[in-house]
Amino acid sequence: MCESSDMAMRGCTRKCPVTSSPHVQLDARRGTGNPDVMNTKETTTLDSAQAILTRLVQCPSVNPAGREPIAPPYGEGRMAALLSEQLKDMGGEVRTDEVLPGRLNVWSRFAGRDRSRTILLDAHSDTVSHLHMSVDPFGAEVREGRLFGRGACDTKGPMAAMLLALESAVRSGRLAHDVIFAATCDEENGGRGARHLVTRGLQADFAISAEPTELQLVWRHKGIQRGRITLHGMAAHSSTPARGHNAIYPAARLVGQLEAMAAALSAGKSDAELGTATLAVTTMHGGTAANIIPDSCVLDVDRRVLPSEDIDAIRLAIEELVHRACAADPWCTPSIDWTQHYPSLGSSPTAPALLALETALRTVTGTAQRSVAAYGTNAGFYAQAGIPSVVFGPGSIADAHTAAESISLAEVVSAAKVIEQFLCTPIVDTQ
Ligand SMILES: [Zn+2]
């Protein structure tokens with residue numbers, strides 16, 4: 001049991017590895033450092049990466065995704081407790097916000113030499129479901145240099161890289177600017193943790209959101225708008241359908257119109273890097289029994305949004321389509337619940353901190369590649385709040401959410417070195 005140590009892994013029912021210690025251990029063994037890499041090789045090793053990532057993966061934090069009540073392995077509470085102790089041990093003043101019942105953000109500020117700038121290191125603490133995996137989701141088994149388990153690459157591996165980098169920089173007194181480390185809840189089901197952080201007035205000059213980007217700088221990505229459309233009818237005995245109002249019929253018309261809208265998007269304006277916007281009907285549920293005229297039909301729609309698009313206009317266009325589909329049936333009363341919105345990310349290519357991170361990446365790995373993504377991240381929330389943001393981390397999105405999720409520990413170490421190099425280098429304005 002993790003409670004065997006003084007570390008507050010309260011509620012974590014997984015056994016700790018025999019070699020684990022109460023806090024993240026940044027291995028004291030010395031490597032042969034490249035002098036250009038600011039001694040980062042001195043502190044972060046495969047062993048230290050494995051130690052912290054093991055602890056994170058063995059502490060389940062599955063997004064409940066609407067499930068109530070929240071009980072292990074669901075919810076981010078245990079991770080919040082674990083990270084609180086870790087951040088306190090690093091000397092940070094820890095703030096905890098209960099964003100939703102039993103679901104917490106944890107964040108802490110660390111003072112740098114130049115306090116005129118603040119860097120936000122964001123890593124979401126939730127994972128997708130642990131069910132139907134082919135490996136032990138919370139076992140943190142290591143094979144051939146890869147650590148397996150739910151969240152290993154999305155996004156506990158990238159979070160581990162941030163923690164390793166931050167701890168090394170803080171302990172050696174080389175933090176160039178103030179840093180806020182934030183572990184945010186609910187990224188996988190609406191991003192309410194990051195949204196809450198922004199709403200309560202978070203201020204930073206640059207944000208890195210930890211996600212598995214294969215050590216590439218994802219500086220642009222699409223946004224997401226999800227909506228749940230309900231068409232209401234009236235139930236009746238199926239032998240007398242005229243006495244009821246069959247909600248499936250206008251829903252079927254609507255699906256056809258949404259398909260046409262999706263086709264138009266796919267043939268429409270294309271972003272040079274991100275491609276076109278997309279739309280998909282992802283669920284459809286109507287009716288309750290074979291002998292009852294269905295009194296409702298519910299659709300989920302997933303719309304992927306380009307940085308250049310206006311979210312209000314997108315919602316309006318879908319709402320108009322819904323009302324048009326119902327126009328032929330005066331009894332049809334539609335409702336739309338805009339369930340989830342992740343803003344797109346469209347950073348300035350010349351933001352000083354982005355250039356600084358790019359330089360750190362090139363210094364440590366010998367190469368620096370920018371890329372874009374089709375998925376949404378917390379970075380969109382920060383960018384929307386006016387904070388230049390980028391997505392960065394070890395691991396591949398191709399391994400995220402999979403039955404045998406895993407990450408290369410060597411890549412976690414590389415990411416940690418890049419982030420540490422960045423955190424220890426003063427950011428200089430380019431203009
Ligand atoms: Zn993620």
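Tutor: Strand 9 (residues 223-232) and strand 14 are antiparallel and joined by nine bridges, strands being DSSP runs of E of at least two residues and helices runs of H or I of at least four, numbered from the N terminus. The model is predicted, so local features need pLDDT of at least 70 and side-chain atom pairs 80 or more, while totals for chains, interfaces and linings use all residues. Residues are numbered from 1 along each chain as its sequence is written.

Student: Which residue of strand 14 is the bridge partner of arginine 228?

Tutor: Strand 9 runs antiparallel to strand 14, and two strands count as paired if DSSP finds at least two bridges between them. The partner of arginine 228 in strand 14 is aspartate 337.

Student: Which strands stand at the edges of the sheet?

Tutor: Four strands form an open antiparallel sheet in the order 12-13-9-14. Two of them have a single partner strand each, so one side of each is left without a neighbour in the sheet: strand 12 (278-286) and strand 14 (333-342).

Student: Are helix 3 and helix 9 parallel or oblique to each other?

Tutor: The axes of helix 3 (residues 152-171) and helix 9 (residues 409-423) come within 8 Å and cross at roughly 45°, with axes fitted to C-alpha atoms over the stretch in contact and angles running from 0 to 180 degrees between N-to-C directions. Angles under 35 degrees count as roughly parallel, over 145 as roughly antiparallel, 65 to 115 as roughly perpendicular and the rest as oblique. Helix 3 and helix 9 are therefore oblique.
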